[in-house]
Amino acid sequence: MALTSTGTLTDAARADGVGVAAFNVITLEHAEAVIMAAEAAALPVVLAISENAVKFRRGRLGPLAAACRVLAEEAAVPVALHLDHVESVELLRAAEGSGIGSVMFDASRLPYAQNVAATADAAAWAHERGITLEAELGEVGGKPGHPALDAHAPGARTDPAEAAAYVRATGVDALAVAVGSSHAMLDRTAALDHDLIARLRAAVDIPLVLHGSSGVPDAELRAAVAAGMTKINVGTALNIAYTGTLREHLAATPNRADPRPSLTAARESTATTITTLLRVITAKP
Ligand code: G3H
Ligand code: ZN
């Protein structure tokens with residue numbers, strides 16, 4: 001029984017001065033790859049299911065969440081379940097009783113006052129049920145279905161004083177901040193603002209969360225953790241490995257009907273990518 005909570009993992013990571021990796025899963029093979037890698041590295045991990053993944057799963061959270069819960073319960077390492085980038089209050093409420101211990105409620109597109117009101121309501125609802133709530137202030141760009149956003153544009157980044165006021169006003173347990181990363185990058189060229197990370201770390205006392213981490217090089221990830229980021233969210237890097245391997249295997253075997261050999265290779269190459277990232281994110285500075 002290794003199911004744990006994100007809060008337990010981030011508390012331990014902050015005490016150790018290391019990061020916690022959260023990986024977005026879409027298929028059962030993604031989730032299996034995360035567990036394989038975490039067990040091989042003997043490291044704890046967060047399995048994250050995004051609202052977009054739920055949409056892909058025909059609008060149903062239950063089947064993928066149930067699969068992730070069993071994988072977590074049977075894992076040899078601590079595994080937490082997280083619901084990511086939730087804009088729908090209905091989906092937030094579906095987390096209750098699913099084994100999901102943390103939700104990222106994403107009201108970052110709303111004007112500040114509306115973001116505060118919606119997030120405070122979500123946090124109160126979650127806390128009554130023993131669920132922790134992460135929210136986003138500033139907006140990390142590159143989200144599916146959202147207009148492109150320049151991570152380096154003036155005003156795109158999270159302001160430390162506003163972050164402190166936001167945490168006080170909403171009661172959230174973790175804060176996603178805009179510090180130079182962007183979602184869904186296919187190359188690892190993002191440059192983070194480490195001075196801003198340190199100022200945000202000093203301004204708020206809850207775990208800081210880096211989104212869009214696939215586009216962040218290893219050295220930048222290490223520096224981000226050293227400067228004060230705790231939860232490091234990765235999604236696209238898994239899909240680059242998964243889809244790339246699947247594409248190669250299917251192209252090499254045009255007469256094969258059984259998808260399992262190609263899916264096995266995709267799962268293994270995804271696990272290899274995850275193992276490398278896990279070691280970077282959890283390395284002691
Ligand atoms: O919430 C999910 C993460 O921010 C993943 O972003 O797909 O760019 O790694 P990424
Ligand atoms: Zn994200």
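**Zinc site**

Along the chain, the donors of the zinc ion (ligand 2) follow the spacing H-x97-H-x27-H. In this predicted model, the zinc ion (ligand 2) is coordinated by His85 through NE2, His183 through NE2 and His211 through ND1, at 2.0 to 2.1 Å.

Histidine 85 and histidine 211 link distant parts of the chain, being 126 residues apart. Histidine 85 belongs to strand S4 (residues 79–86), whereas histidine 211 is in the loop between strand S8 (208–210) and helix H9 (218–227). Both histidine 85 and histidine 211 are buried.

**Packing of helices H8 and H9**

Helix H8 (residues 194–203) packs with H9 at an angle of about 25°, and their axes are 8 Å apart. Because angles under 35 degrees count as roughly parallel, H8 is roughly parallel to H9. The crossing of H8 and H9 is right-handed.

On the H8 side, the contact is made by His194, Ile197, Ala198 and Arg201. H9 contributes Glu220, Ala223, Ala224 and Ala227. The residues of this contact of H8 with H9 comprise 5 nonpolar, 1 polar and 2 charged.

**Lysine 284**

Lysine 284 is found in the segment after helix H11 (260–281). With a relative accessible area of 58%, lysine 284 is exposed, since exposed means over 50%.

Leaving aside neighbours within four places in sequence, lysine 284 is in contact with Asp16 and Val18. Between lysine 284 and threonine 189 the separation is 95 residues in sequence and 23 Å in space, C-alpha to C-alpha.

Note on methods: Residues numbered from 1 in each chain as written. Chains lettered and ligands numbered in written order. Predicted model: local features only at pLDDT ≥ 70, side-chain atom pairs only at ≥ 80, totals over all residues. Heavy atoms only, no water. Donors = N, O, S within 2.8 Å, 3.2 Å for Na, K, Ca; no water. Helix = DSSP H or I, 4+ residues; strand = E, 2+ residues; numbered from the N terminus. Buried < 20%, exposed > 50% of the residue type's maximum accessible area, 1.4 Å probe, protein only. Axes fitted to C-alpha atoms, helices over the stretch in contact; angles between N-to-C directions. Parallel < 35°, antiparallel > 145°, perpendicular 65-115°, else oblique. Left-handed = near helix turned anticlockwise from the far one by under 90°. Contact = heavy atoms within 4.5 Å. Nonpolar A, V, L, I, M, F, W, Y, C, P; charged D, E, K, R; others polar.
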